[in-house]
Amino acid sequence: MKRPRIHREGRNFIILLVLIAFLINVPVFLYSHHWVFALTLALSAILLCFVTYFFRNPERIIEVNDPNFVVAPADGRVVVIEEVEENEVFHDQRLQVSIFMSPFNVHANWYPIEGTIVRSEHQSGRHKGAWLPKSSTENERSLVIIETKTGEQILVRQIAGAMARRIVTYAKPGKQASRNTHLGFIKFGSRVDMYLPLDTEMLVELGDAVKGNETIVARLGGGVEVPDAENN
């Protein structure tokens, strides 16, 4: 049986939580009634189990035979599939696909497709409920643009919610986005948006549950692969 893996973003948090639980429970054990100690110990254990479960890091490896396949960047439920006017980056019509993550989903985020990261930045904002449409442009969020070998660009947004207070993004401009690799992590519930070209073929429907780095959600329309400059 494999030992459960904890995501690196949760290790210090869990250690801190254990320390706090120890500092609370020892005085309660020494100076309070046994039933009070039993209660605080049980509550501490429940909280520690939930946080450990929240920061779980399952090992997922996907192999695809088509570079145009778009894999779910996060666990959750598909809450948006619609054509929208993307006015922050592309300033044109795009197909928006949004995945909402509950506190019980895995919160690691994966690269949905391979390519070169051409832009990555963090944007301050509010902390409205992540299921609200305006959260895409008003909430705290990160922005990552990946360019495929065929020259297609897709936008991935990690969006904070009412509970999520920290977005972690590993993507850096100029680096390669690779399958089976974490793009980042969102702490305590939120959502991930993707903005895809309009000719993208959707392979999931609104309301479907998806798994990050496991469910193939779409296929890009394709294009002509751009040759490497060194091979010219």
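A search of the whole structure, which is a predicted model, finds seven aromatic pairs. A pair of aromatic rings is described by the distance of the centres and the angle of the planes. Rings of Phe, Tyr and Trp (for Trp, its six-membered ring) pair if their centres lie within 6.5 Å; planes under 30 degrees apart count as stacked, over 60 as edge-to-face and the rest as tilted. The rings of F13 and F55 have planes at 45° and centres 5.8 Å apart, so this pair is tilted. F13 belongs to helix 1, whereas F55 lies in the loop between helix 2 (34-54) and strand 1 (69-71), so the pair ties together parts that are 42 residues apart in sequence. Helices (H or I, at least four residues) and strands (E, at least two) are DSSP runs, numbered from the N terminus.

With a relative accessible area of 0%, F55 is buried, while F13 counts as partly exposed at 35%.

F50 and F104 form an aromatic pair that is edge-to-face, with 6.0 Å from centre to centre and 80° between the planes. Because F50 lies in helix 2 and F104 in the loop between strand 3 and strand 4 (108-110), the pair ties together parts that are 54 residues apart in sequence. F50 is partly exposed, at 28% relative accessible area, and F104 is exposed, at 54%. Ring pairs link F13, F50, F54, F55, F104 and F185 into a cluster.

Charged side chains also meet rings here. R56 lies over the face of Y53, at 3.8 Å from the ring centre, and R94 lies over the face of F90, at 3.7 Å from the ring centre. A charge sits over a ring if NZ of Lys or CZ of Arg is within 6 Å of the ring centre and within 35 degrees of the ring normal.

Strand 3 (residues 92-101) contains Q96, which is buried, with a relative accessible area of 7%. The side chains of Q96 and S98 are joined by a polar contact of 2.9 Å. A polar contact is a pair of N or O atoms within 3.5 Å; within protein, one must be able to donate a hydrogen and the other to accept it, and residues adjacent in sequence count only if both atoms are side-chain atoms. Another polar contact, of 2.9 Å, joins the side chains of T148 and T150. T148 is placed in the loop between strand 6 (141-147) and strand 7 (153-160) and is buried, at 9% relative accessible area.

The backbone deserves attention as well. Most residues other than glycine have a negative phi, and most peptide bonds are trans. H91, in the loop between strand 2 (76-86) and strand 3, has a positive phi near 55°; H91 is exposed, at 52% relative accessibility. N180 has a positive phi of about 65° although it is not a glycine, and lies in the loop between strand 9 (176-177) and strand 10 (182-187).

Residues are numbered from 1 along each chain as its sequence is written, and side-chain values use heavy atoms, leaving out hydrogens and water. In this predicted model, local features need pLDDT of at least 70 and side-chain atom pairs count only at pLDDT 80 or more, whereas totals for chains, interfaces and linings use all residues.

Terms used. Buried means under 20% relative accessible area, exposed over 50%, partly exposed in between (1.4 Å probe, protein chains only).
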